[in-house]
Amino acid sequence: MANYRPKQFAQHLRSLAKSFVSDMNDALMDSAIEAQNHFDESFENEGFNDGGHVEPWEPLSKRRISEKGHDRILKDTGRLKRARKRRILPPSNGDRIARISYHRQYAALMNYGGLNEEDRHVPARKFIGRSRVLNRRIKSILTTRINRLFNKNFSIGRR
């Protein structure tokens, strides 16, 4: 356990504050990558994972399987995955935001279902949304970073 004099303690706190900003930026990027991986799992599992269970997608029709030549859902063009963008937005009002976004119109059609350009019904195949599993993963990332930064024993005192 380290003993700090008041000036040393103040300097140590400034150092922690500087490290905190850097570590939180890193944690945001790690969280964005974790979210991206979580949503990619939806494509691999052909369903959305929320709360530890996968909500499966409606299977393809026999006609659609024969058109595509395989029975993998959302695998023919890769258009949806290519439409993904991951960004860390610059701070505004002191907040920094990690954002993953997809092409709005096409992603909404796939996620919620509806009619496509050929007036064909597209069933909802949720791949992105709120997920308790993802929230737990991100909370774990943040907790680990904060504990690593502040898990130093020190006391204030005079020598």
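**Figure 1. Contacts across the chain in the predicted model.** Of the contacts with a separation of 6 or more, 59% join residues 24 or more positions apart. The model is predicted. The protein has 159 residues, and 29% of them are buried. Its secondary structure comes to five helices and eight strands. Along the sequence, these follow the pattern β-α-β-β-α-α-β-β-α-β-β-α-β.

**Figure 2. The largest nonpolar core.** This core has 16 residues. Those with the most contacts inside it are Phe-39, Phe-43, Leu-80, Tyr-102, Met-110 and Phe-127. Two elements give two or more residues each: helix 1 (6–45) and helix 4 (104–112). Helix 4 gives the most, with four residues. In soluble globular proteins, nonpolar side chains tend to be buried together.

**Figure 3. Tyr-102 and its contacts.** Leave out residues up to four places away in sequence, and Tyr-102 touches Phe-39, Phe-43, Leu-80, Ala-83, Arg-84, Ala-107, Phe-127 and Ile-128. Among these partners, Phe-39, Phe-43, Leu-80 and Phe-127 are listed with Tyr-102 as residues with the most contacts inside the largest nonpolar core.

**Figure 4. An aromatic cluster of Phe-43, Trp-57 and Phe-127.** These residues form one aromatic cluster. The count of aromatic pairs comes to two. A pair of aromatic rings is described by the distance of the centres and the angle of the planes. Phe-43 and Trp-57 sit edge-to-face, at 6.2 Å centre to centre and with 80 degrees between the planes. Phe-43 belongs to helix 1, while Trp-57 is in the loop between strand 3 (53–56) and helix 2 (62–68). The pair links distant parts of the chain, 14 residues apart. Phe-43 counts as buried, at 2% relative accessibility. Trp-57 counts as buried too, at 7%. The ring centres of Phe-43 and Phe-127 are 5.5 Å apart and their planes are at 40 degrees, so this pair is tilted. Phe-127 lies in the loop between strand 7 (121–122) and helix 5 (132–150), and Phe-43 lies in helix 1, so the pair ties together parts that are 84 residues apart in sequence. Why does Phe-127 count as buried? Its relative accessibility is 0%, and buried means under 20%.

**Figure 5. Helix 1 against helix 5.** The two helices pack with their axes 9 Å apart, at an angle of about 155 degrees. That angle makes helix 1 roughly antiparallel to helix 5. Helix 1 passes helix 5 in a right-handed crossing.

Figure 6. Ser-31 has a relative accessible area of 7% and is buried. Beyond four places in sequence, Asp-30 touches Ile-141 and Arg-145. Under that rule, Ser-31 is in contact with Ile-138 and Ile-141. The C-alpha atoms of Asp-30 and Ile-138 are separated by 8.4 Å. Along the chain, Asp-30 and Ile-138 are 108 residues apart.

Figure 7. Which residues of helix 4 are buried? They are Tyr-106, Ala-107, Leu-109, Met-110 and Asn-111. An α-helix has 3.6 residues a turn, so residues three or four places apart point the same way. Met-110 is also one of the residues with the most contacts inside the largest nonpolar core. Just after helix 4 comes Gly-113, with a positive phi of about 85 degrees.

Figure 8. Glu-46 is not a glycine, yet its phi is positive, about 50 degrees. Glu-46 is in the loop between helix 1 and strand 2 (47–50). At 16% relative accessibility, Glu-46 counts as buried, because the cut-off for buried is under 20%. Asp-119 is also a residue other than glycine, with a positive phi near 60 degrees. The place of Asp-119 is the loop between strand 6 (114–115) and strand 7. Asp-119 counts as exposed, at 60% relative accessibility; exposed means over 50%.

Conventions
Residues are numbered from 1 along each chain as its sequence is written. This is a predicted model: local features need pLDDT of at least 70, side-chain atom pairs count only at pLDDT 80 or more; totals for chains, interfaces and linings use all residues. Side-chain values use heavy atoms; hydrogens and water are left out. A nonpolar core is a set of buried Ala, Val, Leu, Ile, Met, Phe, Trp, Tyr and Cys residues joined through side-chain atoms within 4.5 Å. Buried means under 20% relative accessible area, exposed over 50%, partly exposed in between (1.4 Å probe, protein chains only). Contact means heavy atoms within 4.5 Å. Rings of Phe, Tyr and Trp (its six-membered ring) pair if their centres lie within 6.5 Å; planes under 30 degrees apart count as stacked, over 60 as edge-to-face and the rest as tilted. Axes are lines fitted to C-alpha atoms, for helices over the stretch in contact, and angles run from 0 to 180 degrees between N-to-C directions. Angles under 35 degrees count as roughly parallel, over 145 as roughly antiparallel, 65 to 115 as roughly perpendicular and the rest as oblique. A crossing is left-handed if the near helix is turned anticlockwise from the far one by less than a right angle, and right-handed if clockwise.
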